Amino acid sequence: MPGRMAGRRALVTGGAGAIGLACARRLLAEGAEVVLLDRNADALSAAAGLGAAPVACDIRDPGAVAAAVTRAAGLLDGPADVLVNSAGVYRIAPLLDLTPDEWDDVLAVNLRGTFLAGRAMAAALIAAGRPGAIVNISSTAGLVADAAEPSAHYNASKAGVLALTRQMAAEWAPHGIRANAVCPGVIDTPMLRMMDDPAAGAAYLRTGVPQGRLGSAEEVAAAVVFLASDDASYLTGATVPVDGGVTAI
Amino acid sequence: MRAIVTGAARGLGAAIAERLARDGADVVLLDVSADVTATADRLAAGVAGAGGGRGQVAVGQAADVSDEIASAAAVDRAVDAIGGVDVLVNNAGIGGPDTDVTGTSLAEFRWVLDVNLTGTFLMCRAAATVMIGQGSGGAIVNMGSVFGQQGVAGGAGYCASKAGVALLTHSLALELAPYGIRANTIAPGNMATEMHWDELRSRAARSGTTFDEQVEMVKASVPLGRHGTGGDIAGVVAWLVSPDAGYVTGQTIGVNGGIWLG
């Protein structure tokens, strides 16, 4: 829908990743101005070809996040009123082999990073007295367990994102800031590991995914931009799976 | 896009039909009330007036969705009017009695289940059969409620009917996925509709408060601080029936201003 996001200022974390980049493209196509945050500066310069401004930032570092949000407000000529938290890492490790350091590393990016970016964005928006929308990328892994691809740290981080989203919604609703979460299922991105074994992956698509196919980053981005738009004006604190029906089984 | 919207004479259904028409759909509006013809005529004039034209159609039909024969005939007539059906929005519903279970008659309990749950089943059965035959996919959106996700004293029949709608929809999503047909539930919160005002009038009478006090109490309970509107629901329907929600099926989308953070 061209023009639906006209006049909106958007910040996308993990902006060099597949889903972050798809969100940026869709936001730009619908008329928003976009700043991409990522810790990978090389990937960011490639992303800047889209017409979005890149800002290098380690999402785990409170000082760096605060500085990046301020820098973004300068580039956007005002505080961002859309935040897409898509910075995330995925690791596989059975619980008995999972080390505390690995646990902390995943939680630091996926959960602490979402908290830090959300807090910095909302503080600036509230100070300016403006409404806005936050969309956090969680995962169906935050809703259901998976013995075949064990990743307790990832799953816990994504379930944590859902609780964090509800709390953002509850605390910031009086300021006109909505917060919702998207739970992508098996999405065709480089982060996906399910298809590493093509036969097993195809079997899972047949039996575990009602729609029988992988989703695309663009389909996740379409849900994200819907939630950020005025079409979702009465949604806050919601969990929206984009999973081909996986969680309906 | 060819769409059927039930409960479309007024309120949420009328707003949904208007949004789908504005997005370019041919729409059949169904309602148990004959007022639906006038609503459809206004919509058709508005769409044409807005420069839509393009031969777009908006027609109204009076039908009781809870009647097996009437609902099937309504779908047949809709297919005749707009050439098929790609989208079904089951919005028809009633609030049911505001009574405790111990004071609810079987007839009252059955009535709310008949309209809200059986009516949704009948319309889904008829329209899905058409969609499968067309072989070009489709989308179904059924109206649940936040009160299908949590209980309400005095609203057991309504809550049970709306919880039923959600799992009817999600089962349907699994059955229809192989045909490229998606099915999702929207769970509205407290909406600025006549049904909700009726409920607040009843609550006010029972508790010795005024209607205005009841309205304020509800608003204070909603994090976003207001009732939802037809436009709030129509925006979500527009997304769910579009290709933008192409990988979304079998889900309940809460549209409640944050009242249900679960």
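Which residue in E2(B) does Val5(B) stand opposite? Val5(B) faces Leu29(B). The model is predicted: local features need pLDDT of at least 70 and side-chain atom pairs count only at pLDDT 80 or more, while totals for chains, interfaces and linings use all residues. Residues are numbered from 1 along each chain as its sequence is written, and chains are lettered from A and ligands numbered from 1 in the order in which they are written.

**View 1. The open sheet of chain B.** In chain B, 7 strands form an open, parallel sheet in the order E3-E2-E1-E4-E5-E6-E7. Strands (E, at least two residues) and helices (H or I, at least four residues) are DSSP runs, numbered from the N terminus; two strands pair if DSSP finds at least two bridges between them. Strand E3 (58–62) and strand E7 (252–255) of chain B are at the edges with a single partner strand each, so one side of each has no neighbour in the sheet. On average, neighbouring strands are turned by 15° against each other, direction ignored. Strand E1 (residues 2–6) and strand E2 (residues 26–31) of chain B run parallel and are joined by 5 bridges.

**View 2. Helices packed on the sheet of chain B.** Helix H1 (residues 11–22) of chain B touches E1, E2, E3 and strand E4 (87–90), and its direction makes about 170° with that of E1(B). Helix H4 (residues 106–134) of chain B touches E1, E4, strand E5 (138–143) and strand E6 (181–188), and makes about 180° with E4(B). Axes are lines fitted to C-alpha atoms, for helices over the stretch in contact, and angles run from 0 to 180 degrees between N-to-C directions. Residues are in contact if their C-beta atoms, placed from the backbone, lie within 7 Å.

**View 3. The contact between chains A and B.** Chain A gives 29 residues to the contact and chain B gives 27 residues. On the chain A side, helix H5 (152–172), helix H7 (217–228) and strand E7 (239–242) each supply at least two residues. H7(A) gives the most, with 4 residues.

**View 4. The surroundings of Asp81(A).** Asp81(A) lies in the loop between helix H3 (62–76) and strand E4 (82–85) of chain A. Asp81(A) counts as buried because it has 24 C-beta neighbours inside 10 Å; the cut-offs are 20 or more for buried, 12 or fewer for exposed, and partly exposed in between. Leaving aside neighbours within four places in sequence, the contacts of Asp81(A) include Arg8(A), Arg9(A) and Arg130(A).

Definitions and conventions
Two residues are in contact if their C-beta atoms, placed from the backbone, lie within 7 Å.
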